[in-house]
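Student: Could we go through this structure together, setting each value against the definition behind it?

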Amino acid sequence: MNNGHRGSSSRRRRLRRRRQLMMAACCLGLVVLVLGTVLIVKKVKGTDDEPVEVAAEVDVANEEPEDGTTVEVVEPEETEDTTDETDAEDPGASTQSEQGASVNVEDIVNASNVGENSTTTYGIDVSKFQGTIDWAQVASSGINFAMIRVGYRDSTTGEIKPDTNAKYNMQEAEKNGIKIGAYFFSTAVTKDEAIEEADWVASYVAQYPITYPVGYNCEGFENSISRQYNLTKDDRSNIAIAFLGEVYNKGYTPIFYASKNEMASDAKWNTSTIGTKYKIWMAWYNQDSSNLATGPSAGFKYDMWQYTNQGTIPGITKKVDVDVAYFGYNGTETAKDTSERATASADVEALMKFTEVNETVTAKSKTNLRDKPSQGADSKVMVTLENGQTATRTGTSTSGWSRVVYNGATYYAVSSYLTTDLSAPAQSTAPAEQAPAAEEAPAQAPGFKTKFTDVNETVTAKEVVNLRSKPSVTDADSQVVATLSAGQTAIRTGINNEYGWSRVEYNGQVLYCVSSYIKVVE
């Protein structure tokens, strides 16, 4: 019995040791499990360049204990951070669960095929109001690009019309290595009209290499005579967005143009909305331009800055808008339509309006026939018409010029030196040629010697007109003081019908402008 008792005690001691070993093994297994799970969480929270280490720790965690027990590890989703449970109370956190469509923002705002870069580039923007431009001289100035007005919607009739020098300007800018952008002056009153304008622009420029953006320009909408007068800010902004979106759909980079005061704090446009998707072209004058590469702080992001409308540049006789763009391009775009295009000619009558006539004229004594209605350096005397020789006059301008056809070619002559009296004898002494150039009073009656008949009427620009300190464009002291756009008004206090000038009061100043570029407000 004693031996039996000792044997029984020995068996109990062995069972206790087994149980202790099994408990130790279980504890060891639990320790391995806990450590493995902690390491998984730690590694998943780490950076994306640690996938091998995460996999290694997962392998350890999945090891089976020696007693054959299987441990299942549930791996957390890599996109979910579970370390801070209080994020559920953050209203911003709930928006993270909804994921929008994958969008490349650069593809929205930039349709360039040659690659856009962050280089600061310098340019000008021009229209027919700059007259006939010598683009070879412009290129010699070193500018990188030109934003060219291609058309506008008539503020009265609503008809879309091309800028009569647009194709010539695009053709010559391209020929002289200047990258081209474009813009359209809109008076659209619906989104459908805006889309119509964008489609028209895309068709009109299709044969030219448009590298820089295509712009939407809308001004004068607060004047009571504007088609857009009754539109709200939201209406105008949605119309602009419709234009810009259609420009992008046609394969061009869109840009929105407006003044700084109209855009700041969403004053007249929903700039904060437009600017999130499209480039912004800001006009803001009289700012510090000593560091153009930085530009002034406007309170919103802009991509191009028109910093003056009083620039001078070789090849352009008129003042010109000057721009700096905070982007450039790695090359020049190819035209969308590569078919052969017709050669464009300059519209030498862009700065004045001719009334059509059909009559035979001769010189009172003799007069020069020029290639354009101007006596400036860019005008050439092509032939001299003598008394007794005849030409066909096809147009007259209130600026004092006649358009004539002589020997099958079209020329321009000073109207006061022509007569329809073909039998009139030649004047015994021929006066020196004196005549108004485009927008110019005659040399024998310069500046304030011009006589004005007093009137009192409200006028606005048909499109855009310069307001000058004197009724002349050649006098050195005649300066462009302001620009009057369609919809803006001035009081006309005097008119000279002989030479085509008006005297106006604008913002408290007495200024002068070409009569043919303004109209009376009904």
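Tutor: The model is a predicted one, in which local features need pLDDT of at least 70 and side-chain atom pairs count only at pLDDT 80 or more, whereas totals for chains, interfaces and linings use all residues. Residues are numbered from 1 along each chain as its sequence is written, and side-chain values use heavy atoms, with hydrogens and water left out.

Student: What is the mean pLDDT of the protein, and where is the pLDDT below 50?

Tutor: The mean pLDDT is 80, and 74% of the residues reach 70 or more, where pLDDT is the predictor's confidence in each residue, from 0 to 100. Over residues 1-8 the pLDDT is below 50, and this stretch has one contact in the model beyond near neighbours in sequence, a contact meaning heavy atoms within 4.5 Å. Residues 37-108 also have pLDDT under 50 throughout, and for them the model has 29 contacts beyond four places in sequence.

Student: Why is α7 called roughly parallel to α8?

Tutor: Helix α7 (residues 191-204) and helix α8 (residues 233-249) pack at an angle of about 30°, with their axes 8 Å apart. Angles under 35 degrees count as roughly parallel, over 145 as roughly antiparallel, 65 to 115 as roughly perpendicular and the rest as oblique, so α7 is roughly parallel to α8.

Student: Which residues of α7 and α8 meet, and what is their make-up by class?

Tutor: Among those in α7 are Ile-195, Ala-198 and Val-201, and those in α8 include Ile-239, Ala-242 and Phe-243. By class, the contact of α7 with α8 has eight nonpolar, one polar and four charged residues.

Student: How do you know whether Ile-178 is buried or exposed?

Tutor: Ile-178, which lies in the loop between α6 (166-175) and β5 (179-185), has a relative accessibility of 4%. Buried means under 20% relative accessible area, exposed over 50% and partly exposed in between (1.4 Å probe, protein chains only), and therefore Ile-178 counts as buried. Leaving aside residues up to four places away in sequence, Ile-178 touches residues including Trp-135, Ile-143 and Phe-145. Ala-139 is 39 residues from Ile-178 in sequence, yet their C-alpha atoms are 6.6 Å apart in space.

Student: What makes Ile-210 count as buried?

Tutor: Ile-210, placed in strand β6 (residues 210-217), counts as buried because its relative accessibility is 5%. Among the residues that Ile-210 touches, not counting those up to four places away in sequence, are Met-170, Ile-180 and Tyr-252.

Key. Axes fitted to C-alpha atoms, helices over the stretch in contact; angles between N-to-C directions. Helix = DSSP H or I, 4+ residues; strand = E, 2+ residues; numbered from the N terminus. Nonpolar A, V, L, I, M, F, W, Y, C, P; charged D, E, K, R; others polar.
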